[in-house]
Amino acid sequence: MRTVLRPIGVLLVLAGFLVTCKDTAPVFSPGASDPRVTGTWQLVERRFLKDSLYTIRQDTTTITRDTSFFVTRRYAPASPQTLTFATDGKLSAYGTEMTYYYPINYFRVDSTFDGLGVDLFITTNRATVPFRQGVAFQGDTLVLLPKCYRRDQCDPEHYLKFIRVR
């Protein structure tokens, strides 16, 4: 009888420890947002590098080289692709073209590092890791420059243009 109760007692003690364990990791907060980007922005144009630079014709053995390296795609208001920058520093994305931004939960506008940019934060394995995208304004249009590490290293060939909807 004693040999049967001992494993049960050990399991109850272990279950008690598991129930009382709490996650002590602090909650990440980027702070208040910048009013220049706060709101909902709808994607109107995106320029990006093509996935493939070569095309192969099936009916011949010739390989032709595609010299148009970039694609510029414009988006109609009928199928909204949006990013929402909340006042508390949270970021949310909507639409099939915004899937790149789905895992990003927070942002912070940063003008201290060589020009205006937005630091986007991804939380993985209980670590919050930032990465930077350049920010520019052209009239009422917000332009995100994904390949922008410093102002003198921005790649103007890659961009996303948004207009404010809210």
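**Pocket and ring pairs**

Mentor: The largest pocket has a volume of about 270 Å³. A pocket is an open set of points on a 1 Å grid over the protein atoms alone, where a 1.4 Å probe fits, with protein on both sides within 12 Å along at least five of seven lines; lining residues have an atom within 4 Å of a point. The volume is the space filled by probe spheres set on the points, which are joined across faces, edges and corners.

Trainee: Which lining residues are closest to the centre of the largest pocket?

Mentor: Of the 14 lining residues, R46, F48, Y100, P146 and L160 are the closest to its centre. Strands β1 (39–49) and β11 (159–164) each give two or more residues to the lining, and β1 has the largest share, with three residues. Strands here are DSSP runs of E, at least two residues, numbered from the N terminus.

Trainee: What should I know about the model itself?

Mentor: It is a predicted model, in which local features need pLDDT of at least 70 and side-chain atom pairs count only at pLDDT 80 or more, while totals for chains, interfaces and linings use all residues. Residues are numbered from 1 along each chain as its sequence is written, and side-chain values use heavy atoms, with hydrogens and water left out.

Trainee: On to the rings: how many aromatic pairs are there?

Mentor: There are three aromatic pairs. Rings of Phe, Tyr and Trp (its six-membered ring) pair if their centres lie within 6.5 Å, and planes under 30 degrees apart count as stacked, over 60 as edge-to-face and the rest as tilted. F85 and F107 form an edge-to-face pair, 4.8 Å centre to centre with 80° between the planes. F85 is in strand β5 (residues 82–85) and F107 in strand β7, 22 residues apart.

Trainee: Are F85 and F107 buried or exposed?

Mentor: Both are buried, that is, under 20% relative accessible area with a 1.4 Å probe and protein chains only; exposed is over 50%, and partly exposed lies in between.

Trainee: And what of Y100 and F131?

Mentor: Y100 and F131 also form an edge-to-face pair, at 6.4 Å centre to centre and 80° between the planes. Y100 lies in the loop between β6 (91–94) and β7, and F131 in strand β9 (residues 127–138), so the pair ties together parts that are 31 residues apart in sequence. Y100 is exposed, at 52%, whereas F131 is partly exposed, at 24%.

Notes. Helix = DSSP H or I, 4+ residues; strand = E, 2+ residues; numbered from the N terminus.
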